[in-house]
Amino acid sequence: MRGTLFNIIQNRLNSKVSGYGDDLLGLMIESAHKQKGMGLNTDEIIDECKTFFFAGHATTSHMLAWTMFLLSINRKWQDKLREEVVRECGTEIPNSENISKLKLVPMALSEALRLYCPVIMTMRQASKDMNLGGIPIPKGMILTIPIPIIHRKKEIWGDNAEEFNPQRFENGIAKAAKHPNALLAFSIGPRACVGQNFAMMEAKIVIAMILQRFSFSLSPDYKHKPDDMLTLQPQYGLPIVFKPFAV
Ligand code: HEM
């Protein structure tokens with residue numbers, strides 16, 4: 001991977017076209033070039049590319065997989081979402097204007113992130129001695145935040161915490177639970193996921209385009225075994241039966 005990224009960077013540096021490209025890599029190379037030795041060096045740029053690749057790829061694809069799983073077993077919601085997509089986007093490839101009109105699709109994605117969060121834990125280290133809800137935390141202690149447990153707590157989400165109910169997000173994420181920061185899929189604070197808006201946009205487009213074209217259900221071969229392999233994924237895959245959908 002390092003070799004591939006190195007070659008891409010060299011090609012950008014040697015390119016005769018003005019600028020280094022209008023993507024994140026181009027911006028990093030340009031910034032390094034402008035700062036003349038004070039910015040990121042090539043190895044650091046390669047590391048940033050790897051971080052973005054690993055942080056952004058499996059997470060989003062597993063969010064999509066779990067959303068497909070949940071919509072396959074909740075046909076009423078699948079139909080509702082399709083109705084919304086066809087109403088707002090027709091049968092065309094969604095664009096930036098009509099995709100922003102979708103309300104139920106992002107609600108369903110948030111609910112999928114709640115029930116099957118691809119990242120199952122995040123960690124924080126105490127920078128000083130502190131007290132957390134009556135528990136003394138010494139400086140340097142590492143706290144592990146168990147996201148799936150928080151995401152299914154009845155005290156926070158109500159008695160139907162185990163159910164797939166996108167409706168709980170109808171007034172926004174902050175009002176979906178008894179605590180405004182209860183959805184921790186992208187974490188919160190200064191180190192929260194930088195790719196979250198991109199991931200949600202990508203997922204909205206993919207789900208909308210699938211709903212426009214197919215109705216789908218879970219294959220009888222499916223075995224439910226969510227497994228944490230860096231990200232939460234269906235251990236035996238997700239066989240789905242697709243049927244072409246004509247509007
Ligand atoms: C459903 C999709 C995604 C989920 C659930 C997710 C979740 C997370 C979480 C929980 C963190 C840790 C934040 C913390 O510890 O406070 C994180 C960090 C990060 N994410 Fe995402 N992410 C997703 C998609 C993406 C995408 C698409 C990108 C990039 C295009 C991305 C780039 C990053 C980066 C660069 C970090 C910071 C890593 C670091 O600070 O070392 N993520 N993400």
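Reader: Is C193 buried, exposed or partly exposed?

Author: C193 counts as partly exposed, because its relative accessibility is 33%, where buried means under 20% relative accessible area, exposed over 50%, and partly exposed in between, with a 1.4 Å probe and protein chains only. This is a predicted model, in which local features need pLDDT of at least 70 and side-chain atom pairs count only at pLDDT 80 or more, while totals for chains, interfaces and linings use all residues. Residues are numbered from 1 along each chain as its sequence is written, and side-chain values use heavy atoms, with hydrogens and water left out.

Reader: Which atom of C193 is the donor of the iron, and at what distance?

Author: The SG atom of C193, at 2.3 Å, is the only protein donor of the iron atom of the ligand; donors are N, O and S atoms within 2.8 Å of the metal (3.2 Å for Na, K and Ca), and sites may look incomplete, as water is not among the atoms.

Reader: What does UniProt list for C193?

Author: The unreviewed UniProt entry lists C193 under "binding site", though such annotations may be inferred rather than shown by experiment.

Reader: Switching topic, where is E111, and is it buried or exposed?

Author: E111 lies in helix α6, residues 104-115, helices being DSSP runs (H or I) of at least four residues, and E111 counts as buried because its relative accessibility is 0%.

Reader: Which backbone nitrogen lies 2.6 Å from its side chain?

Author: That of N165, which lies 2.6 Å from a polar atom of the E111 side chain.

Conventions: Helices (H or I, at least four residues) and strands (E, at least two) are DSSP runs, numbered from the N terminus. A polar contact is a pair of N or O atoms within 3.5 Å; within protein, one must be able to donate a hydrogen and the other to accept it, and residues adjacent in sequence count only if both atoms are side-chain atoms.
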